[in-house]
Amino acid sequence: MDISFTPQQQAYRAQVRSWLAANLPQTWMEGGLWPAMSEGEEQAFFIDWERRLYAAGYSGIAWPKAYGGQGRDAIDDLIVNEELGAASAPESINTIGRELVAPIILSVGTEAQKRHFVPRILRMEDTWCQGFSEPNAGSDLASIKTRAERRDGRWILRGQKIWTSYAHFASHCILLARTNIDVSPYKGMSLFIVRMDTPGIEVRPIRHINGLCHFNQVFFTDVEVDEDSLIGPLGRGWNVAVEVLGFERATTRLYRQARFSEELRALAHHALRTETINDALRAEIGSIAAELSIMRCHNMRFISRMSSGAHIGEEASFLKLLWSSLHQKIARLAVELLGPELDAISPIAERFRRVYFTSRGETVYAGSSQIQRNILSERVLGLPRGERRSGR
Ligand SMILES: Cc1cc2nc3c(=O)[nH]c(=O)nc-3n(C[C@H](O)[C@H](O)[C@H](O)COP(=O)(O)OP(=O)(O)OC[C@H]3O[C@@H](n4cnc5c(N)ncnc54)[C@H](O)[C@@H]3O)c2cc1C
């Protein structure tokens, strides 16, 4: 087993690194926008950045050229992500489009869907949100109540979604709905493509503790969509949704590991500069660094698995548990190290305030830590199934 990078891959890494060094926007400092911008200005900034990345050939790395991708392989994709993370480059605001929707369309979509949607995602012409969770169906996703009924060759959607990230500006949604209530939920769900400007959709933003808006409630009242809006086969929505969740847990934001390492480095430098380092903090920094290298090994393992055409599978929960708890450790370290300075108006304070607040939700979205532990214990380790609140 040789997990080192070839000379060609190292040359590609050097090329990406120098492009980033020359092209990161001036207003991007310490992994954040400085000075801070309004929400609308931020949105425009991120869309422009993603378009520039695409124009330079650094997005859709492993996707086929026929659908607008670069036609390279998953290892080059990892390399680009590691460089984006190490440069703490701007994050994607179309992560759902790029990292969930395009991959699932490439996996189970029709040829027409691949040709239409994938290039539009890369060019940032469409932005996406993910309509899975409902008020009483988060961890227990099979309990969703949103219905889709067929009428005169169209689907009529009714129901409510919640915690829908980016729905306040997304142009499209992947929506999980019940298409048959006479069979088990696992056989009676389907996944739909819904345009967010369709009549009957109402988006109500939910403000976060830090005042920003990231997720929303979304109401669907007699929303009509075409028959060809299904992603994957009718009634197979559960399997398709599980595949989407596998991407979300294992291969979204592949730059995370490098970005977290950069955050750790920034904190360690700050501690040295301000002479706040002590033995306990030194030990914590060392322990986080060790876990970050485990995370990198897991990233490589999944990339190697995907390169050989295998499905991600339940072991995605290992990575999900790891990245979400690690980011909270980094956030706690930032609080210890920066202390009152975390309230200051400075790039480093702005950066780690964001890390702190963002990391709170990371052990919840894409499936909570408890659910990841259930999956690992039952489906990977084969332990007996625990009790379920819903009794299923
Ligand atoms: C920042 C953020 C962004 C999100 N974005 C989206 C999005 O874009 N689209 C979307 O569809 N959803 C999104 N979500 C929703 C997210 O997927 C759900 O919050 C998550 O699945 C948990 O569901 P819930 O909130 O209904 O909590 P519940 O399922 O009610 O869980 C409450 C608590 O009980 C625990 N619990 C539940 N069942 C079990 C069990 N069987 N065993 C042990 N413990 C259990 C959970 O771990 C949790 O601690 C987002 C959430 C957050 C925080």
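**Note on the predicted model**

1. Val 101 counts as buried because it has 29 C-beta neighbours inside 10 Å, where 20 or more are enough for that label. This residue belongs to a predicted model, and its place is in helix α4, which covers residues 95-108. Leaving aside residues up to four places away in sequence, Val 101 touches Ile 96, Ile 121, Trp 128 and Ile 174. Gly 68 is 33 residues from Val 101 along the chain, and the C-alpha atoms of the two are separated by 15 Å.

2. The largest nonpolar core has 86 residues, and Val 101 is among those that touch the most other members, together with Leu 157, Cys 173, Phe 192, Val 194, Ile 330 and Ala 334. Helix α9 supplies the largest share of this core, with 11 residues. For Val 194, the contacts, not counting residues up to four places away in sequence, are Leu 157, His 172, Cys 173, Leu 175, Val 223, Val 225 and Ser 229.

3. As for the overall division of the chain, the domain assignment gives domain 1 as 7-91, domain 2 as 128-237 and domain 3 as 253-380. The C-alpha centres of domain 1 and domain 2 lie 30 Å apart.

4. The ligand has 21 residues around it, of which Phe 132, Gly 138, Ser 139, Gly 361 and Ser 368 come nearest. The elements that give two or more residues to this shell are strand β3 (128-131) and helix α11 (369-380). Domain 2 and domain 3 each contribute at least three residues to the shell. By residue type, the shell divides into seven nonpolar, 12 polar and two charged residues.

5. Helix α7 runs over residues 256-274, and its 19 residues should span 27 Å at 1.5 Å a residue, which agrees with the 27 Å between its end C-alpha atoms. The buried residues in α7 are Arg 256, Gln 257, Ala 258, Arg 259, Phe 260, Ser 261, Glu 263, Leu 264 and Leu 267. These buried residues pack against four helices, namely α3 (74-86), α8 (279-307), α9 (316-338) and α10 (347-362). After α7 comes Glu 275, whose phi is positive, near 55 degrees.

6. Two further residues with positive phi deserve a look in the backbone. Ser 88, which is not a glycine, has a phi near 50 degrees, and this residue lies in the loop between α3 and α4. Ser 88 is buried, since 22 other C-beta atoms lie within 10 Å. Ala 366 also has a positive phi, of about 65 degrees, although it is not a glycine, and its place is in the loop between α10 and α11. With 25 other C-beta atoms within 10 Å, Ala 366 is buried.

7. Pro 35 is found in the loop between β2 (32-33) and α2 (39-55).

Conventions. Residues are numbered from 1 along each chain as its sequence is written. This is a predicted model: local features need pLDDT of at least 70, side-chain atom pairs count only at pLDDT 80 or more; totals for chains, interfaces and linings use all residues. A residue is near a molecule or strand if its C-beta atom, placed from the backbone, lies within 6 Å of it. Ala, Val, Leu, Ile, Met, Phe, Trp, Tyr, Cys and Pro count as nonpolar, Asp, Glu, Lys and Arg as charged, and the others, Gly among them, as polar. Domain bounds come from an automatic or database domain assignment. The expected span of a helix is 1.5 Å times one less than its number of residues. A residue is buried if 20 or more other C-beta atoms lie within 10 Å of its own, exposed if 12 or fewer, and partly exposed in between; C-beta atoms are placed from the backbone. Two residues are in contact if their C-beta atoms, placed from the backbone, lie within 7 Å. A nonpolar core is a set of buried Ala, Val, Leu, Ile, Met, Phe, Trp, Tyr and Cys residues joined through C-beta atoms within 7 Å.
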